[in-house]
Amino acid sequence: MEREGFFERVYDMVEQIPEGMVATYGQIARLVGEPRKARYVGFALHSNPRPGEVPCHRVVFADGSICEGFAFGGPEAQRRLLEDEGVAFKDETHVDMRLCRWPAGIA
């Protein structure tokens with residue numbers, strides 16, 4: 001797997017997540033054709049070369065939890081960005097996946 005090619009595929013896919021919705025790291029990995037590379041999706045997003053253009057805040061863990069080490073300001077910043085887009089939360093750290101999960105690639 002060529003790192004730059006994979007990272008660019010991740011960025012391209014994440015840019016497609018609509019405002020007000022979230023996807024999981026594993027979901028993005030599957031959508032770019034690398035279903036066992038969810039952790040690498042996280043590496044790619046942590047290295048986001050285009051903050052503000054690649055909405056990495058829209059990617060969460062499978063259980064809906066936001067990232068404790070959100071690279072662009074901590075979990076409070078990720079939550080604020082998501083709330084500003086209308087994403088619903090079940091509690092302080094978990095997105096309501098039933099309401100806000102992007103359906104792309106979901107069987």
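**Cores, cysteines and rings**

User: What is Val59 in contact with, leaving aside its neighbours within four places in sequence?
Analyst: Val59 is in contact with Val14, Ile17, Ala23, Thr24, Tyr25, Ile28, Leu45 and Gln78, with those close sequence neighbours left out. Contact means heavy atoms within 4.5 Å.

User: Before we go on, what kind of model is this?
Analyst: This is a predicted model, where local features need pLDDT of at least 70, side-chain atom pairs count only at pLDDT 80 or more, and totals for chains, interfaces and linings use all residues. Residues are numbered from 1 along each chain as its sequence is written, and side-chain values use heavy atoms, with hydrogens and water left out.

User: OK, which residues touch the most other members in the largest nonpolar core?
Analyst: Val10, Val14, Ile17, Ile28, Val41, Leu45 and Val59 do, out of 20 residues in that core. A nonpolar core is a set of buried Ala, Val, Leu, Ile, Met, Phe, Trp, Tyr and Cys residues joined through side-chain atoms within 4.5 Å. Buried means under 20% relative accessible area, exposed means over 50%, and partly exposed is in between (1.4 Å probe, protein chains only).

User: Which elements give two or more residues to this core?
Analyst: Helix H1 (3–14), helix H2 (25–31) and helix H3 (38–46) do. H1 gives the largest share, six residues. Helices (H or I, at least four residues) and strands (E, at least two) are DSSP runs, numbered from the N terminus.

User: What about another core?
Analyst: Another core, of nine residues, lies apart from the largest one. Ile66, Leu82, Val87 and Cys100 are among its members.

User: Back to H3. Which residues there are buried?
Analyst: Val41, Ala44 and Leu45 are buried in H3. They cover an arc of only 95 degrees around the axis, so they sit on the same side of H3. The arc is that of the directions from the helix axis to the C-beta atoms. Arg39 and His46 are exposed, on the other side of H3.

User: Now rings. How many aromatic pairs are there?
Analyst: The count is four aromatic pairs. Rings of Phe, Tyr and Trp (its six-membered ring) pair if their centres lie within 6.5 Å; planes under 30 degrees apart count as stacked, over 60 as edge-to-face and the rest as tilted. Phe7 and Tyr11 make an edge-to-face pair, 6.3 Å centre to centre, with 70 degrees between the planes. Phe7 and Tyr11 are four residues apart in helix H1, so about one helical turn separates them. Both Phe7 and Tyr11 are buried.

User: And how do Tyr40 and Phe43 pair?
Analyst: Their ring centres are 5.6 Å apart and their planes are at 85 degrees, so the pair is edge-to-face. Tyr40 and Phe43 both lie in helix H3, three residues apart. Tyr40 is partly exposed at 35% relative accessibility, and Phe43 is partly exposed at 43%.

User: Which residues form one aromatic cluster?
Analyst: Phe6, Phe7 and Tyr11 form one cluster.

User: Where does Arg79 lie?
Analyst: Arg79 lies in helix H4 (residues 74–84). Arg79 counts as buried because its relative accessibility is 16%. Not counting residues up to four places away in sequence, Arg79 touches Ile66, Phe89, Asp91, Glu92 and Thr93.

User: Which face does Arg79 lie over?
Analyst: Arg79 lies over the face of Phe89, at 4.0 Å from the ring centre. A charge sits over a ring if NZ of Lys or CZ of Arg is within 6 Å of the ring centre and within 35 degrees of the ring normal.

User: What do the buried residues of H4 pack against?
Analyst: They pack against strand E2 (59–60). The buried residues of H4 are Gly74, Ala77, Gln78, Arg79 and Leu82. Just after H4, Gly86 takes a positive phi of about 95 degrees.
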